[in-house]
Amino acid sequence: MSGIRRREEDTPLHLLLVLASFALAAYAGVRLLKGDTLGVTLWFVGAALLHDLVLLPLYAVTDRAVQLLFPPRGDGGSRVRGERGGGSRTAGFGVNHVRVPAFLSGLMLLVWWPLVFRQVGHYTAATGLPADVFLGRWLLFTAALFIASAAVLLIPRIPRPRLPRLRRPRFRRPGRRARA
């Protein structure tokens with residue numbers, strides 16, 4: 001038992017859940033490949049190649065450009081992973097305020113791309129909306145995400161007016177003399 005339990009997560013229950021998830025994935029894979037094996041295999045290989053050869057370099061370069069626009073600060077913050085050496089480099093001022101809305105916008109585009117790019121076909125009957133409204137709505141959603149993120153970033157940094165601090169009068173309790 002001590003060999004299995006090296007870390008807190010390495011419990012027999014964790015091992016059982018991992019094995020159950022592999023069994024479920026294998027079952028889903030067998031059921032999926034039963035219909036159009038070649039088409040599904042090509043889709044998975046194409047998706048992996050598209051991600052690794054096109055999308056990963058694209059969003060790595062974009063993230064690096066955002067990091068250059070918002071240079072690191074030396075006054076604390078979240079540490080950038082993968083840094084070696086003794087220096088502590090911290091994430092820039094608003095890098096995550098660009099990353100999060102961009103990720104959510106990209107995720108929405110990935111989910112709704114047939115509607116956004118007007119390849120609706122049979123979706124028009126299901127949604128009851130004309131095909132030309134989805135691009136504008138996705139752009140509005142993206143703009144709202146970036147505006148909300150900018151508000152979350154900037155509102156706490158608005159200087160507040162400082163009121164003069166008033167001194168409270170000191171009252172002595174009855175029956176006590178002042179110290180000399």
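The model is predicted, so local features need pLDDT of at least 70 and side-chain atom pairs count only at pLDDT 80 or more, while totals for chains, interfaces and linings use all residues. Residues are numbered from 1 along each chain as its sequence is written, and side-chain values use heavy atoms, with hydrogens and water left out. The protein chain contains five helices and zero strands, where helices (H or I, at least four residues) and strands (E, at least two) are DSSP runs numbered from the N terminus. Of its 180 residues, 12% count as buried, a term that means under 20% relative accessible area, with exposed meaning over 50% and partly exposed in between (1.4 Å probe, protein chains only).

**Helix α5**
- Helix α5 covers residues 134–154, and its 21 residues reach 30 Å from the first C-alpha to the last, close to the 30 Å expected at 1.5 Å a residue, the expected span being 1.5 Å times one less than the number of residues.
- The buried residues in α5 are Phe-134, Trp-138, Thr-142, Leu-145, Ser-149 and Leu-153.
- Seen down the axis of α5, these buried residues fall within an arc of 90°, so they line one face of the helix; the arc is that of the directions from the helix axis to the C-beta atoms.
- On the other side of α5, Leu-140 and Ile-147 are exposed.

- The structure holds one salt bridge, defined as a side-chain nitrogen of Lys or Arg within 4 Å of a carboxyl oxygen of Asp or Glu, and it joins the side chains of Asp-63 and Arg-99 at 2.7 Å, N to O.
- This pair links distant parts of the chain, with Asp-63 in helix α2 and Arg-99 in helix α3 (residues 95–116), 36 residues apart.
- Asp-63 counts as partly exposed at 24% relative accessibility, and Arg-99 is also partly exposed, with a relative accessible area of 33%.

**Gln-67 in α2**
- Gln-67 is found in helix α2 (residues 37–69) and counts as buried because its relative accessibility is 13%.
- The side chains of Gln-67 and Arg-64 are joined by a polar contact of 3.1 Å, that is, a pair of N or O atoms within 3.5 Å; within protein, one must be able to donate a hydrogen and the other to accept it, and residues adjacent in sequence count only if both atoms are side-chain atoms.
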